[in-house]
Amino acid sequence: YSATISEAGKQDDRVLHVPSNLILSSSRIRQEMEGSDKVLAELASKGFGHLAPQFFIWIKVLQEYEKGDDSAWHDWMQSLPRKFDTAVSVDEFEVVCLPPFIGSLSKIERIQLVVFRDTLKALDVVSKETKENEDLTKWAYNVIFTRCWGKDADEYQLVPMADMFNHGHPSNVGISYDA
């Protein structure tokens with residue numbers, strides 16, 4: 001993947017290149033993870049099977065976070081925000097104050113995080129300390145749901161550094177893949 005300039009410069013000039021081995025790919029993580037069928041069944045039984053791609057990336061972020069300095073993604077993770085203003089980050093009083101439709105969407109997102117945490121408890125993929133660290137699991141959840149994009153329903157990716165590009169409308173950043 002690379003990011004290119006679409007205005008205020010020569011179009012298609014590459015401004016970033018991320019090697020494919022550093023891209024967090026839900027399908028690749030799923031293939032590498034033992035017990036991935038159990039994850040799919042568990043999420044599906046709770047009505048959240050459609051979030052399996054994001055769940056696999058969420059697990060990978062937690063695993064890499066545990067590695068600390070030894071993770072290939074350490075510097076990128078350290079550059080990410082620690083505080084997010086999303087539905088899972090506000091308190092219950094703030095959710096109650098939201099307009100009804102937005103409040104209902106916020107509750108759904110909060111339920112998704114609970115389902116992710118419950119599913120994680122049944123797996124042996126991260127330490128007990130990570131599983132019980134609500135701030136860490138919420139942070140990783142926010143990273144996934146604010147920085148991933150889907151290629152299709154079964155494949156989501158998080159491209160470190162490219163996830164930080166902010167763009168306007170019409171789009172002024174192009175994303176391309178060079179096989």
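Modeller: Helices (H or I, at least four residues) and strands (E, at least two) are DSSP runs, numbered from the N terminus. The model is predicted: local features need pLDDT of at least 70, side-chain atom pairs count only at pLDDT 80 or more, and totals for chains, interfaces and linings use all residues. Residues are numbered from 1 along each chain as its sequence is written, and side-chain values use heavy atoms, with hydrogens and water left out.

My pick is the open sheet. Its three strands come in the order β3-β5-β4, and their pairing is antiparallel. β3 (24-25) and β4 (149-152) are the edge strands; each has a single partner, so one side of each lacks a neighbour in the sheet. Two strands pair if DSSP finds at least two bridges between them. Between β4 and β5 (residues 155-158) there are three bridges, in the antiparallel sense. Asp152 sits opposite Glu155 of β5. Helix α3 (residues 52-67) packs on this sheet and touches β3 and β5. Contact means heavy atoms within 4.5 Å. The direction of α3 makes about 30° with that of β5. Axes are lines fitted to C-alpha atoms, for helices over the stretch in contact; angles run from 0 to 180 degrees between N-to-C directions.

Now the setting. The chain holds eight helices and six strands. Read from the N terminus, the order is β-β-β-α-α-α-α-α-α-α-α-β-β-β. Of the contacts between residues at least 6 apart in sequence, 64% join residues at least 24 apart. Buried residues account for 40% of the 179 in the chain. Buried means under 20% relative accessible area, exposed over 50%, partly exposed in between (1.4 Å probe, protein chains only).

Next, the surface. The accessible surface is about 10,400 Å², and carbon and sulfur atoms own 51% of it. These areas come from the Shrake-Rupley method with a 1.4 Å probe; for residues, only the protein chains shown count as cover. Leu98, Phe101, Ile102, Leu105 and Ile108 make a nonpolar patch of about 440 Å². Patch residues have over 30% relative accessible area and no salt bridge (a Lys or Arg side-chain nitrogen within 4 Å of a carboxyl oxygen of Asp or Glu). Nonpolar side chains (Val, Leu, Ile, Met, Phe, Trp, Tyr) are joined within 5 Å, like charges within 9 Å. Leu98 lies in the loop between α5 (92-97) and α6 (100-121). Leu98 is partly exposed, because its relative accessibility is 31%.

Last, the loop between α6 and α7 (128-132), where Asp124 is found. Asp124 counts as exposed because its relative accessible area is 77%. Asp124 and Gly35 are 89 residues apart along the chain, yet 9.1 Å separates their C-alpha atoms.
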